[in-house]
Amino acid sequence: MAGVNRVFAAQLAGLPVFGPDGESIGKVRDLVAGLRLDQQPPRVLGLVVELATRRRVFVPMLRVTAIEPTAVTLATGSVNMRRFHRRPNEVLVLGQLIDAQARLAATDARVTVADAAMEPVRTRDWVLAKLAVRERTGRLGLSRRRSSLRVLPWSEVRGLSLTDLTGQPQGAGQLLMLFDTMRAVDIAATMRDLPTKRRHEVVDSMDDERLADVLEELPEEDQKELLAHLAEERAADILEAMNPDDAADLLAELAPADQSRLLELMHPDESEPLKRLLTYSSDTAGGLMTPEPVILTPDATIAEALAHIRNPDLPAALASLVFVCRPPTETPTGRYVGCVHFQRLLREPPAELVASAVDTDLPALGPDAELPEITRYFAAYNLACGPVVDDQDHLLGAVTVDDLLDHLLPDRWRETGLADITEGQEIDSA
């Protein structure tokens, strides 16, 4: 790492990690530092690297051979597959140190840590030598204040012991800025590594739509824990913002009294579909389906159908099929006519009616169809999405392949990543 004498933690977030031969290892998600009892800069112990499997592992700094603006290179392509767990004397630089409140040693002025810079020392170690801090300044009596950023030696900032970081309230602005560049599933993995206090601070600062997306990617126990932390009114708002099938799955895990109270707080237009979903077992098509697929009447045009599936907020699997029904088009609909595959839509003139392109031969799933039947159905017809229709030809919703996989994979699959046989082993990324 010749020539590299200072690296800010925020610059490392999300950087790809490569082995010595250019093989992809994963991405940097955090730095781990060991806090000291004196005022000496903490030693940077290593990186938290997220592998392609979503598993987060620890890579010691001694294995890092190069840190560049676009990538980090390791001395070996083999990494220890043991899942990262923070030890009592360790701190996550991005997860815990950033946004922490502290004081300047010279003036006792309050500051907020905006970033931390690590520098190499003669022993080949790296230490958190500098802190970028914001100090609020302004004349007394003025309502508007300005914030100045300063880079100071670690020794000039007080209040960053492990006890301080564990006990003090902490903002989440800088961490949320880092989250802006991450997918919801990656944010969820980051939040699972945070201490409970820090996780709650992040949740309190996150907007409802983003939090709903992240909550959908968390294991059930974490979902319930965070939902219990929220005020009931906000918890109801978050459930409204979630995909209906995910919200119903979460509600099904709650005590009946909590479930009823949250449903009462929701808008009736949002709670009614959830109540219908909750009447089905979670391992049936009715329990897996979403009640909000793309539904059009037979006299809609191909252009209208394409406009609906171009919606960037529509999951890719749901965008693969447009369902055609007689009015009303809200589930449960009028009579189900059939579906139009998105590739067929691309081949038809925009002014044509969807009725001319409807596939009436594709069988539908019944709401009581169980996992083995649903799995065979998706495999037999090569689908990413399939209709769920009752015995009176009403479209009830649609099952997507991602929801099916969610129930076929082992419990807590989001946390385990690779099979348990890799735990603690050295595995070559190639």
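**Close-up views of a predicted model**

**View 1. Buried residues of helix α8.** In α8, the buried residues are Asp222, Gln223, Leu226 and Leu227. Viewed down the axis of α8, its buried residues lie within an arc of 130°, so they line one face of the helix. The structure shown here and in the other views is a predicted model.

**View 2. The salt bridge between Glu221 and Lys224 in helix α8.** The side chains of Glu221 and Lys224 form a salt bridge, with an N to O distance of 3.4 Å. Both residues belong to helix α8 (residues 220–229) and, because they are 3 residues apart, about one helical turn separates them. In general, an α-helix has 3.6 residues a turn, so residues three or four places apart point the same way. Glu221 is partly exposed, at a relative accessible area of 44%. Lys224 also counts as partly exposed, with a relative accessibility of 23%.

**View 3. The salt bridge between Arg103 and Asp108.** Here the side chains of Arg103 and Asp108 meet in a salt bridge, at 3.6 Å from N to O. Arg103 is partly exposed, with a relative accessible area of 28%. Asp108 is likewise partly exposed, and its relative accessible area is 47%. As a general point, side chains of opposite charge can pair when their charged atoms come close.

**View 4. Asp21 in the loop between β2 and β3.** Asp21 is located in the loop that runs between β2 (16–18) and β3. Asp21 is exposed, with a relative accessible area of 72%; this value is over 50%, so the residue is placed in the exposed class. Asp21 and Leu74 are 53 residues apart in sequence, and their C-alpha atoms are 9.5 Å apart in space.

Methods
Residues numbered from 1 in each chain as written. Predicted model: local features only at pLDDT ≥ 70, side-chain atom pairs only at ≥ 80, totals over all residues. Heavy atoms only, no water. Salt bridge = Lys/Arg side-chain N within 4 Å of Asp/Glu carboxyl O. Buried < 20%, exposed > 50% of the residue type's maximum accessible area, 1.4 Å probe, protein only. Helix = DSSP H or I, 4+ residues; strand = E, 2+ residues; numbered from the N terminus. Arc of directions from axis to C-beta.
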